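Subject: Handover of a structure

Dear colleague,

Please find the sequence and the structure below.

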Amino acid sequence: MKSLTRIILVLMVILGALLAKSALAGNVSEIKITHNHLFVLKANKQDLGATVEIYYSNGDLITSQKINKRRMIIDFRDTRAGEYTIRIVRGNKKQEFQYFKK
């Protein structure tokens, strides 16, 4: 029972830290998770409607989609190994994240 309580407490602290960090950030942020084939973006309300574009390392556009909800999960399970660039575009503002699939 003690170990379960400790695990729950640690998860609550981590979740609280992630929520506090994302509340302070003004842009879209990345949430680190344990699954190495998932990439999670958390957007603020003003970033809803922005476009998420995913590019392969050679510059090929893989997919593009609008942000409709505050959290977006991108699954890289069925993609080939390599480096991906995740670009969020809202008007003339651009923000990029890098994802490496092994």
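Predicted model: local features only at pLDDT ≥ 70, side-chain atom pairs only at ≥ 80, totals over all residues.

Thr51 is buried, with a relative accessible area of 17%; buried means under 20% relative accessible area, exposed over 50%, and partly exposed in between, with a 1.4 Å probe and protein chains only. The residue lies in strand β3. Leaving aside neighbours within four places in sequence, Thr51 is in contact (heavy atoms within 4.5 Å) with Ser64, Gln65, Lys66, Arg87, Ile88 and Val89.

Residues are numbered from 1 along each chain as its sequence is written, and side-chain values use heavy atoms, with hydrogens and water left out.

Overall architecture

The protein chain has one helix and seven strands, arranged along the sequence as α-β-β-β-β-β-β-β. Helices (H or I, at least four residues) and strands (E, at least two) are DSSP runs, numbered from the N terminus. Of the 102 residues of the chain, 31% count as buried. The chain exposes about 7,400 Å², of which carbon and sulfur atoms supply 58%; these areas come from the Shrake-Rupley method with a 1.4 Å probe, and for residues only the protein chains shown count as cover. Among contacts with a separation of 6 or more, 44% are between residues 24 or more positions apart.

How the strands pair

Two strands pair if DSSP finds at least two bridges between them. Strand β3 is joined to β4 (residues 61–66) by five bridges, and the two run antiparallel. Tyr55 has Leu61 as its bridge partner in β4. These two strands form a hairpin with four residues between them, and Gly59 in the turn has a positive phi of about 100°. Strand β3 is also joined to β6, by six bridges and again antiparallel.

Arg90 has Lys93 as its bridge partner in β7. Here the hairpin has two residues between the strands, and Gly91 in the turn has a positive phi of about 65°.

Five bridges join β2 to β5, which run antiparallel, and Lys42 stands opposite Arg71 in β5. In a regular strand the side chains alternate between the two faces of the sheet. In β5, Met72 and Ile74 make up a covered face, whereas Arg71, Ile73 and Asp75 make up an uncovered one.

In soluble globular proteins, nonpolar side chains tend to be buried together. The largest nonpolar core has 16 residues, of which Phe39, Leu41, Val52, Ile74, Phe76, Ile86 and Ile88 touch the most other members. The elements giving two or more residues to this core are β2 (38–42), β3 (51–56), β5 (71–75), β6 (82–90) and β7 (93–101). Such a core is a set of buried Ala, Val, Leu, Ile, Met, Phe, Trp, Tyr and Cys residues joined through side-chain atoms within 4.5 Å.

Aromatic residues

Five aromatic pairs are found in a search of the whole structure. Rings of Phe, Tyr and Trp (its six-membered ring) pair if their centres lie within 6.5 Å; planes under 30 degrees apart count as stacked, over 60 as edge-to-face and the rest as tilted. The rings of Tyr56 and Tyr84 have centres 5.1 Å apart and planes at 70°, so this pair is edge-to-face. Because Tyr56 lies in strand β3 and Tyr84 in strand β6, the pair ties together parts that are 28 residues apart in sequence. Both Tyr56 and Tyr84 are buried. Phe76 and Tyr99 form a stacked pair, 4.1 Å centre to centre with 15° between the planes. Phe76 sits in the loop between β5 and β6 and Tyr99 in strand β7, 23 residues apart. Phe76 counts as buried at 2% relative accessibility, and Tyr99 is buried at 7%. One aromatic cluster is formed by Phe39, Tyr56, Phe76, Tyr84, Phe97 and Tyr99.

A loop residue

Thr79 lies in the loop between β5 and β6 and is partly exposed, with a relative accessible area of 26%. Not counting residues up to four places away in sequence, Thr79 touches Tyr84 and Lys101.

With kind regards
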